[in-house]
Amino acid sequence: MKLTILILAFIFITYPIFGQNKHYTNPVSNSIIVADPFVLNFEGTYYLYGTSAGDGFKYWTSENLVNWKPGGYAYQKVANSWGKNSFWAPEVIHYKNKFYLIFSCKGKTMFGNGLRLCIAESDNPAGPFKDLYAPLFDFGFSCIDGHVFIDDDQKPYLFYEKVGAVGEFWNNNGYLWGAIFGVELSEDLSKPLAEPILCIYPSQEWEGLTSMIARSTEGMTVFKNNNTYYMTYSGNKYTDPSYGVGYATASKPLGMWTKYLNNPILKNDIPNKVSGPGHNCIVKSPDNTEWFMVYHSHANVSKPSGERILNIDRMLFQPDGSIVINGPTRTPQLYPSGSE
């Protein structure tokens with residue numbers, strides 16, 4: 001009898017699913033140092049990409065959005081690659097039976113070295129991705145944080161952050177700035193079909209509106225729910241503790257976009273050791289019933305920097321269509337629905 005009780009107690013402790021729901025705590029997968037996270041769900045496996053290497057992009061896989069396994073490089077530059085460094089903010093889409101990686105990097109242009117967007121192609125979400133359009137276009141300015149949204153009619157749209165500077169920001173006599181633009185792409189993703197349209201620019205205080213360091217909107221994700229287009233985006237400088245997430249809505253992909261008045265919907269919580277939560281993507285749970293925001297935050301709250309860690313929190317839609325994020329959290333949360 002005592003032996004049976006001991007065995008049952010061991011099973012209960014070792015396999016909590018028998019007696020209680022499984023929980024996770026942010027940051028998920030503490031061993032992953034990654035910024036600008038993007039997650040693709042393909043055939044039941046989640047693929048995570050992010051700013052993670054000086055010469056390309058690494059990836060991780062998961063079945064539940066919580067436990068991630070390293071997979072090596074999805075993309076790595078070679079000798080004749082256009083991009084030489086500053087490999088930032090990768091995103092992957094599955095489109096016309098291929099996988100396309102869009103990212104920014106720095107290479108030689110007719111205006112000198114600059115940041116441009118590139119697209120690489122693969123038959124597999126794990127890669128290896130090979131350069132297809134590098135750079136995708138060159139309008140004479142730096143741009144980062146490329147995001148491709150495929151609408152219901154299969155038309156592809158590109159969104160990106162145009163970046164620049166006012167004054168001598170490196171001497172604390174000026175500031176960086178960034179604004180989000182959008183444009184319809186050709187069916188083969190090779191070129192913009194029109195002049196890009198301004199979608200989002202700094203206009204709310206949390207975005208660094210009066211900052212002498214950075215006034216920026218960036219890291220956008222566009223998705224559709226109940227016939228409304230949503231754009232989540234980040235504001236302020238990425239190393240600032242006040243870096244966060246807001247959103248805007250529109251009736252069509254290129255706007256006009258209207259910002260939510262109560263932005264940001266995700267902001268820091270310094271007492272609970274959350275600094276600079278931002279640059280998100282949106283993904284659904286394994287059973288497709290819950291929405292999750294995947295985002296990074298500063299690894300060192302006391303010294304925010306480019307070193308960032310991975311978080312996931314639930315995203316809810318209110319009856320009026322507004323978005324609420326259940327986070328940022330640092331307490332135990334239920335695993336995404338459908339996780340085993």
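Of the 38 residues in the largest nonpolar core, Val39, Trp68 and Phe103 touch the most other members. A second, separate core of 19 residues includes Ile102, Leu117, Cys143 and Val183. The model described here is predicted. The chain in this model has one helix and 22 strands.

**Nonpolar cores**

- In soluble globular proteins, nonpolar side chains tend to be buried together.
- Leaving aside residues up to four places away in sequence, valine 39 touches Tyr46, Tyr47, Leu48, Leu65, Trp68, Cys281, Val283 and Val294.

**Overall form of the chain**

- A compact globule of 340 residues would have a radius of gyration near 20 Å, and the chain agrees with this because its value is 21 Å.
- The C-alpha trace spans about 80 × 45 × 40 Å along its principal axes.
- Of the 340 residues in the chain, 51% are buried.
- Among contacts with a separation of 6 or more, 49% are between residues 24 or more positions apart.

**Surface and charge**

- The chain has an accessible surface of about 16100 Å², and carbon and sulfur atoms account for 53% of this area.
- The chain carries 27 positive and 30 negative charges, whose mean positions are 5 Å apart.

**Valine 222**

- Valine 222 belongs to strand 14, which covers residues 214–225.
- Valine 222 counts as buried because its relative accessibility is 5%, and the cut-off for a buried residue is under 20%.
- Apart from residues up to four places away in sequence, the residues that valine 222 touches are His147, Phe149, Phe159, Tyr230, Met231 and Trp257.
- Between valine 222 and isoleucine 144 there are 78 residues of separation in sequence and 16 Å in space, taken from C-alpha to C-alpha.

**Backbone features in loops**

- Most residues other than glycine have a negative phi, and most peptide bonds are trans.
- Asparagine 26 and proline 27 are joined by a cis peptide bond with omega of about 0°; proline 27 is in the loop between strand 1 (23–24) and strand 2 (35–42).
- Another cis peptide bond runs from glycine 255 to methionine 256, with omega near 25°; methionine 256 is in the loop between strand 16 (244–250) and strand 17 (258–259).
- Lysine 96 has a positive phi, near 50°, and is placed in the loop between strand 6 (85–95) and strand 7 (98–109). With a relative accessible area of 46%, lysine 96 is partly exposed.
- Asparagine 288 also has a positive phi, near 70°, and lies in the loop between strand 18 (278–284) and strand 19 (291–298). Its relative accessible area of 49% makes asparagine 288 partly exposed.

Technical notes. Residues are numbered from 1 along each chain as its sequence is written. Side-chain values use heavy atoms; hydrogens and water are left out. Helices (H or I, at least four residues) and strands (E, at least two) are DSSP runs, numbered from the N terminus. The radius of gyration is taken over C-alpha atoms; the globule rule is 2.2 Å times the number of residues to the power 0.38. Buried means under 20% relative accessible area, exposed over 50%, partly exposed in between (1.4 Å probe, protein chains only). Contact means heavy atoms within 4.5 Å. Accessible areas come from the Shrake-Rupley method with a 1.4 Å probe; for residues, only the protein chains shown count as cover. Lys and Arg count as positive and Asp and Glu as negative; His and the chain ends are not counted. The place of a charge is taken as NZ of Lys, CZ of Arg, CG of Asp or CD of Glu. A nonpolar core is a set of buried Ala, Val, Leu, Ile, Met, Phe, Trp, Tyr and Cys residues joined through side-chain atoms within 4.5 Å.
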